[in-house]
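Subject: Structure for you to look at

Hi,

Here is the structure I promised to pass on. Have a look at it first, and then read my notes below.

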Amino acid sequence: MITLKGLHKTFNAKSGVVKAVDDVNIEIEKGEIFGIIGYSGAGKSTLIRMLNLLERPTDGTVSIDGMDLSRLKGKELRKARQEISMVFQHFNLLWSRTVKENIAFPLEIAGVSSTERKKRVDELVKLVGLEGRENAYPSQLSGGQKQRVGIARALANNPKVLLCDEATSALDPKTTDSILDLLVDINKQLGLTIVLITHEMHVIRKICHRVAVMENGRIVEQGHVLEVFQNPKEDITRDFVNQLADPGDIHKTLDHLAEEYPEGKVVNLTFVQESAEKPLISDVLRKFAVDINILQGKISQTQEGAYGKLSVLLQGEEKDIQEAIAYMESHHVGVEVIQNA
Amino acid sequence: MLEQWFPNVDWEKMWEATVQTLYMTAISVVATFILGIILGLLLFLTAPGNRWENKVINFIIASFVNVFRSIPFIILIILLIPFTVWLMKSMLGANAALPALIVGAAPFYARMVEIALREVDKGVIEASQSMGANDWEIIYKVLLPESMPALVSGITVTAIALVSYTAMAGVVGAGGLGNLAYLEGYQRSNPDVTLVATVIILLIVFILQIIGDVITRSLDKR
Ligand SMILES: Nc1ncnc2c1ncn2[C@@H]1O[C@H](COP(=O)(O)OP(=O)(O)O)[C@@H](O)[C@H]1O
Ligand SMILES: [Mg+2]
């Protein structure tokens with residue numbers, strides 16, 4: 001559906017040449033939700049803006065549905081853009097227009113007749129759950145409602161692709177979740193391909209099928225969300241994955257526990273898909289002469305199955321502990337031993 | 001009672017002068033609004049980093065605007081005499097004041113328009129581009145509506161300046177309240193005529209300000 005080949009973007013800023021995007025190659029399938037994660041300044045916005053040519057690539061090609069976008073100009077480009085919608089972090093609604101009028105905006109640009117426009121706007125208002133707020137101005141809406149308008153507006157011309165530039169980064173966690181749910185709904189109902197960029201692993205976990213990790217303009221790692229979660233290869237990816245499992249200072253607590261029980265081992269277990277649902281702990285208890293103390297744990301759902309993290313304290317003979325760990329590893333569970341400090 | 005307090009005021013002449021002032025103001029405000037918006041849009045769009053970035057055109061318009069904005073109005077009228085005579089075939093009457101009023105006010109307003117347009121959220125312009133809007137659609141569906149409150153409050157300030165310009169123009173031959181106050185009031189030592197003319201000018205200014213404020217407020221949904 002979307003093919004990025006050898007994509008480069010360099011800016012000649014006052015401070016020197018900035019390689020914002022550096023040799024990016026990505027293939028995105030039709031109907032998938034593809035996430036790109038990276039810290040601020042990684043080049044994510046520049047990359048996503050090249051997908052609708054708001055930014056022209058310095059080198060490389062962007063093709064969408066077999067059409068080489070980077071060659072288009074003027075009228076053809078504007079026409080193509082109607083099929084590649086974008087949702088923005090700061091919503092970018094026209095304050096001078098009501099909800100309805102904002103949603104009608106792209107329809108006016110596409111030259112849709114006013115009766116058709118009315119009909120379509122009503123459908124969209126329903127789709128994003130804004131019934132009753134049609135005639136409000138953006139300044140009268142909450143952040144989440146504004147983003148719903150942004151999404152409705154983006155869907156107005158039945159696009160093939162929806163680009164989301166940090167669409168939830170300006171929202172609180174609860175509103176973020178409701179917007180993410182809406183995006184998943186739209187993806188399923190309309191079979192829409194969604195490309196989103198974010199700096200929050202939570203967003204990737206909750207809605208993406210595949211993820212690419214971006215650092216200094218390059219894609220350093222990409223793959224299915226669960227695979228990347230289970231087996232992160234790069235340090236930056238590990239940081240992002242840990243950001244998800246650890247609500248803050250748990251690592252410190254685990255180090256502390258490792259000190260407190262020198263005779264035992266504090267171990268982090270990562271479960272993915274089937275292994276998350278098997279009675280592994282009771283198996284281990286039955287088969288090996290070890291005690292297991294559960295310290296903390298969390299299971300989260302991703303678009304492709306469950307993903308769990310469990311921190312346990314294993315106590316017993318060193319030999320038994322080693323055997324238990326080997327057993328768990330052989331059952332596709334990631335095992336990370338927290339070293340005694 | 002009016003006779004007693006303002007013995008020298010010819011109310012018919014006063015009314016005629018008021019109508020002339022209103023006429024000059026109205027025509028020049030409308031022309032300034034249109035011309036100022038065109039110049040302001042050109043200034044904005046040709047500025048570095050904008051859609052029609054063009055150093056030469058931007059420099060030419062900016063110079064024109066700055067020069068005409070800086071010339072004191074009374075001198076501008078004198079400088080424009082040949083132009084006015086060529087255009088209007090006369091230096092007297094309300095119409096003769098119009099070229100100078102418009103040339104004096106449009107650059108002044110163009111700057112305000114440019115500032116108003118710069119305040120329009122870049123993100124909204126970008127969103128419109130991402131929806132496939134062309135330049136013309138961006139101008140009339142985004143830039144102008146999104147800056148309308150500032151455009152209206154700007155034209156209000158300009159309109160008030162224009163009222164006082166009409167008075168100055170009156171002194172050098174155009175009609176209106178300024179002309180009346182100068183000829184009938186000052187030169188014939190009838191301070192009551194000057195006073196009445198002043199009060200009427202003040203009333204016009206107040207009313208313009210109120211209308212401008214009401215419209216600005218009703219447009220601003222931010
Ligand atoms: N128009 C521009 N001119 C110069 N440098 C830019 C421009 N846009 C982005 N950059 C630079 O490119 C890099 C990547 O920026 P961006 O794509 O916004 O990152 P992200 O969205 O991941 O935070 C940054 O170093 C930024 O300063
Ligand atoms: Mg960004």
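In strand β7 of chain A, A:D165 is the bridge partner of A:F88. Strand β7(A) (residues 161-165) runs parallel to β6(A), and 5 bridges join the two. Helices (H or I, at least four residues) and strands (E, at least two) are DSSP runs, numbered from the N terminus, and two strands pair if DSSP finds at least two bridges between them.

Please keep in mind that this is a predicted model, where local features need pLDDT of at least 70 and side-chain atom pairs count only at pLDDT 80 or more, while totals for chains, interfaces and linings use all residues. Residues are numbered from 1 along each chain as its sequence is written, chains are lettered from A and ligands numbered from 1 in the order in which they are written, and side-chain values use heavy atoms, with hydrogens and water left out.

Back to chain A: β6 and β7 belong to an open sheet of 6 strands with mixed pairing, in the order β6-β7-β8-β3-β9-β10. Since β6 (84-88) and β10 (218-224) are at the edges with a single partner strand each, one side of each has no neighbour in the sheet. From one strand to the next, the twist averages 15° (angles run from 0 to 180 degrees between N-to-C directions, with axes fitted as lines to C-alpha atoms, for helices over the stretch in contact). Helix α5(A) (residues 143-155) packs on this sheet and touches β6 and β7, its direction making about 170° with that of β6(A); contact means heavy atoms within 4.5 Å.

Chain A has another open sheet, with 4 strands in the order β12-β13-β11-β14 and antiparallel pairing. Here 12 bridges join β12(A) to β13(A) (residues 305-316), and A:G297 stands opposite A:L310 in β13(A).

Now for chain B. Helices α8(B) (residues 135-171) and α10(B) (residues 191-219) pack at about 170°, their axes 8 Å apart. That makes the two helices roughly antiparallel (angles over 145 degrees count as such). Among the residues that meet are B:M148 and B:V152 in α8(B), and B:I201 and B:L208 in α10(B).

Finally, where the chains meet, 22 residues of chain A are in contact with 22 of chain B. About 2,000 Å² is buried between them, with carbon and sulfur atoms giving 61% (buried area is the accessible area, 1.4 Å probe, that two parts lose on being put together, summed over both). On the chain A side, A:R78, A:W95 and A:I109 lose the most area, together 33% of what that side buries.

Best wishes

Conventions. Parallel < 35°, antiparallel > 145°, perpendicular 65-115°, else oblique.
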